[in-house]
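Hello,

Here is the structure I promised to pass on. Please look it over first, then read my notes below.

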Amino acid sequence: MPPGAGPARPGVRGARRAAVAVALGSVLALTATACGDDGGGSAGDKGTEGSGKGEITFWDNNGGVRTDIWKQIIADFEKKYPDIKVKYVGVPAASAQSKYDTAIQGGGLPDVGGVGTAMLAEVAAQGALEPLDSRIEKSSLNGKLSRNLLDVSRAAGGGDTLYQVPTSANNGTLWYRTDLFKAAGLDAPTSWSKFYEAAAKLTDKGKNKFGFTIRGGEGSIAPALDAAYGQTGITSFWDGDRTTVNDPKNVAALEKYVALYKKATPSADVNNDFTKMVAQWDSGTIGMLSHNLGSYQDHLKALGAGTFRGIPNPTLDDGTRVQISNPVDGLSLFKSGKNKAAAWKFIEFAVSAAENSKFNESAGQVPANTDAAGEAWIQQAEPTRLAAEALNGSSTKIVQLPYYLPDWNTISKADNEPNFQKVLLGKMSVKDFLDTLADQLDKAQADWKAHH
């Protein structure tokens, strides 16, 4: 589950902010630099539109995992545009942020690159990215991209400017055992009231059967926030400069959610990350699991077709869907590029309906191009189809998590995952947990605003 970046240590926060400050200062002093074989200039170089022909460099920020599909897309692109050659550079996801930071300061940035929402604001704040709003307006992509995903991209950039063309997103998914629900005479858990009814009815602790498995280990904060905002209908993460996470309605909603622990969930949940949680659900005695689309193949292998379903997270009783923003993958155009016209052609092509569909079929994610939603593979993959419909639905309200905050990863992981475990164990109240989280977020927001 989101947030998408890896675990952060408490001591990382100051060093990370300092590194960004150094990088921001360096931008002002940098001159145009073209060094290295895997990119072009530095963040201080304004670049040029170029001829729209020749070679461009593309950095894949999930190299290895997505290398094969990107090479297919590049081959398709070069067939359509034989006067443009794309140099592919695969960058492992774990080192993508540091590679961009190094190139921003010392030169060697690509023409175009994959930049996820977790790193978008920091890369944009260092002056490395080209604003894309006007290019989108004049593009074949105009009106073809998910409105909600564009909103996530803009928010993750730290303001109203678009620095990323979204390519794909994951989505919160409620997996449930259709065979167990049928045997118990239960409706699908499409609303929160039906969810809680099923959690209670499917639990028989004497037979080691539980209605739900809750995530208490690594990665627990995002699903907890999703459950809170999803139940209350609060649609904004901020009320002025103060976060809404500890709104009394969210406190009450999270209290109801965590009360399931050990009453309708296994006690082992307090330590379970997504791998353990998925494996536990796949053992076959638990009714529901909240995770994203990525675990579909695990469920299919363990449980077999026809025994489970994946639907978007529950709605309010009136059908309104409120969910937190998931990290969004996307492509960015680098300001220092010497052939931005050709690089933009590549972005347009890669996010066209056919190519975006091809990419997301391989990735198992939701396409950003709404025309891709009608592709056969999505219609046949019900969890993905329903996720796409939820993300693009007019009744879906997305609470934008502050991925732009340099401290977000530390606050949402190292600082508060241990506190959430205390909540589950009854050693900390939900109110104290959310008040602590809110205080840290308010301070981080104030710091961000002071420097931007």
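A term to start with: buried means under 20% relative accessible area, exposed means over 50%, and partly exposed is in between (1.4 Å probe, protein chains only). Another: a salt bridge is a side-chain nitrogen of Lys or Arg within 4 Å of a carboxyl oxygen of Asp or Glu. Lys and Arg count as positive, Asp and Glu as negative; His and the chain ends are not counted.

This is a predicted model: local features need pLDDT of at least 70, side-chain atom pairs count only at pLDDT 80 or more, and totals for chains, interfaces and linings use all residues. Residues are numbered from 1 along each chain as its sequence is written, and side-chain values use heavy atoms, with hydrogens and water left out.

**D111**

D111 is buried but has no salt bridge. The nearest side chain of opposite charge is K338, 7.6 Å away. D111 sits in the loop between α3 (96-106) and β3 (112-114). Helices (H or I, at least four residues) and strands (E, at least two) are DSSP runs, numbered from the N terminus. The D111 side chain reaches the backbone nitrogen of T57 at 2.7 Å. Beyond its neighbours within four places in sequence, D111 is in contact (heavy atoms within 4.5 Å) with residues including E55, S332, F334, K338 and A343.

**Aromatic rings**

Rings of Phe, Tyr and Trp (its six-membered ring) pair if their centres lie within 6.5 Å; planes under 30 degrees apart are stacked, over 60 edge-to-face, the rest tilted. That rule gives 26 aromatic pairs. W70 and F346 form a tilted one, 6.2 Å centre to centre with 40° between the planes. This pair links distant parts of the chain: W70 is in helix α2 (residues 67-80), F346 in helix α13 (residues 340-350), 276 residues apart. Both W70 and F346 are buried.

Y100 and F334 are stacked, at 5.4 Å and 20°. Y100 lies in helix α3 and F334 in the loop between β12 (328-333) and α13, 234 residues apart. Y100 has a relative accessible area of 1%; F334 has 0%.

One aromatic cluster is formed by F58, W70, F77, Y81, Y88, F346, F349 and F359.

**D76**

D76 lies in helix α2. Why is D76 partly exposed? Because its relative accessibility is 25%. D76 and E355 are 279 residues apart in sequence, yet 8.5 Å apart in space, C-alpha to C-alpha. Not counting residues up to four places away in sequence, D76 touches F349, E355 and K358.

Best wishes

Conventions: A polar contact is a pair of N or O atoms within 3.5 Å; within protein, one must be able to donate a hydrogen and the other to accept it, and residues adjacent in sequence count only if both atoms are side-chain atoms.
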